[in-house]
Amino acid sequence: MRRIFLHLISTALLVLPSIPIHAAEPAPREPYGIGLEGFAYPHLVSLLPLTNDGEQVRMAYMDVAPAQPNGRVTVLLHGRNFPSSYWAPVIKTLTDAGYRVVVPDQIGFGKSSKPSADLHFDTLARNTIALLDHLQIAKADIVAHSLGGMLGVRIARAYPDRVAHLLLAAPIGLEDYRLYVPPTPTEKILENEDKLTADGYRKQLENNYSLKLPPDQVTPFIDARFNIKGSSEYPRWLRAFVNSAQMIYREPVVHEIPLLTQPTLFIMGADDHNAPGKPNAPEALRPKMGQNADLARALAARMRDARAEVIPNAGHLVFLEAPQEFNALMLGFLAK
């Protein structure tokens, strides 16, 4: 009996190698939640409960301490199309220089709640100040990019004693888009955004932002948006995203910029001609939109304490595309 058993085992061993072995198919990736669950951030994310227009929401933020504090705090304000995780290189630069860095996701963006109501810069400004109050920060520097630049202006105007320096990195809102673009119904924007593909979005970023980044550095931004489409709550995310576009259009800040009293630095990419809504403007007006470096210089000349620096061969993501030049300008300005 033992001899028969050993014979069967040896026969099986001879047969096994001839069985074709196929690698397992990679499991489909789970969709991100609309709070970007599943999408990694570079530092611990905390949540602050707030009430906006009667709705309970939670504001996500990173609070990063330096190894050797200099007693200063910098708040980083993100753009519309990017999670606040894209600030990772700037966070490192600032913490290495001794700054405590607070990096919120505004309500409606990133890992924060997606409200059903319209978005307003005044509400986002109040939320940001509520975060500073929660963290017991009396005064901070603000470094703001793109849509965050519009918010930074509103915060500095509404709460001037809370802002020491204002750095606007490739901000939008340097012109009043209502002068060029006719109003677009929210439902139409929802329809257009829902039809957009990942490839189409990549091309949109490359064209609108004059991107100088290699494709692999852009992919996380594509993933952060399009992996949400598999979420059961995707329609809620989409409406919040579209509401942010309407906020940009309906609530211009350019008329407030010359009234700023804080030291202000514009850092612009020379090739950045981003202008929200430009494709919807009459063809004759489109070339007049998005002359952002010139707009920044003209605004700075009208302000109490401001200047504009333009970095050549850089687009809308100026702090990622020209990090050495950007960091030198940022640290020099904040140290004043």
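The model contains an open sheet of 8 strands in the order β1-β2-β4-β3-β5-β6-β7-β8, with mixed pairing. Two strands pair if DSSP finds at least two bridges between them. This is a predicted model, in which local features need pLDDT of at least 70 and side-chain atom pairs count only at pLDDT 80 or more, while totals for chains, interfaces and linings use all residues. Residues are numbered from 1 along each chain as its sequence is written, and side-chain values use heavy atoms, with hydrogens and water left out. Helices (H or I, at least four residues) and strands (E, at least two) are DSSP runs, numbered from the N terminus.

- Strand β6 (residues 163-171) pairs with strand β7 (residues 264-269) in the parallel sense over 4 bridges.
- Leucine 167 has leucine 265 in β7 as its bridge partner.
- Helix α9 (residues 292-301) packs on the sheet and touches β7 and β8; the direction of α9 makes about 160 degrees with that of β8. Contact means heavy atoms within 4.5 Å.

**Helices α6 and α7**

- The axes of α6 (residues 198-209) and α7 (residues 215-226) come within 10 Å and cross at roughly 125 degrees. Axes are lines fitted to C-alpha atoms, for helices over the stretch in contact, and angles run from 0 to 180 degrees between N-to-C directions.
- That angle makes α6 oblique to α7. Angles under 35 degrees count as roughly parallel, over 145 as roughly antiparallel, 65 to 115 as roughly perpendicular and the rest as oblique.
- The contact residues of α6 and α7 comprise 8 nonpolar, 1 polar and 2 charged. Ala, Val, Leu, Ile, Met, Phe, Trp, Tyr, Cys and Pro count as nonpolar, Asp, Glu, Lys and Arg as charged, and the others, Gly among them, as polar.

**Helices α2 and α11**

- Helix α2 (residues 88-96) packs with helix α11 (residues 323-334) at an angle of about 45 degrees, their axes 11 Å apart.
- The two helices α2 and α11 are therefore oblique to each other.
- Val90, Thr93 and Leu94 of α2 make the contact with Phe326, Asn327, Met330, Leu331 and Leu334 of α11.
- The contact of α2 with α11 has 6 nonpolar, 2 polar and no charged residues.

**Helices α3 and α4**

- Helix α3 (residues 121-134) and helix α4 (residues 147-158) have axes that come within 9 Å and cross at roughly 75 degrees.
- α3 and α4 are therefore roughly perpendicular to each other.
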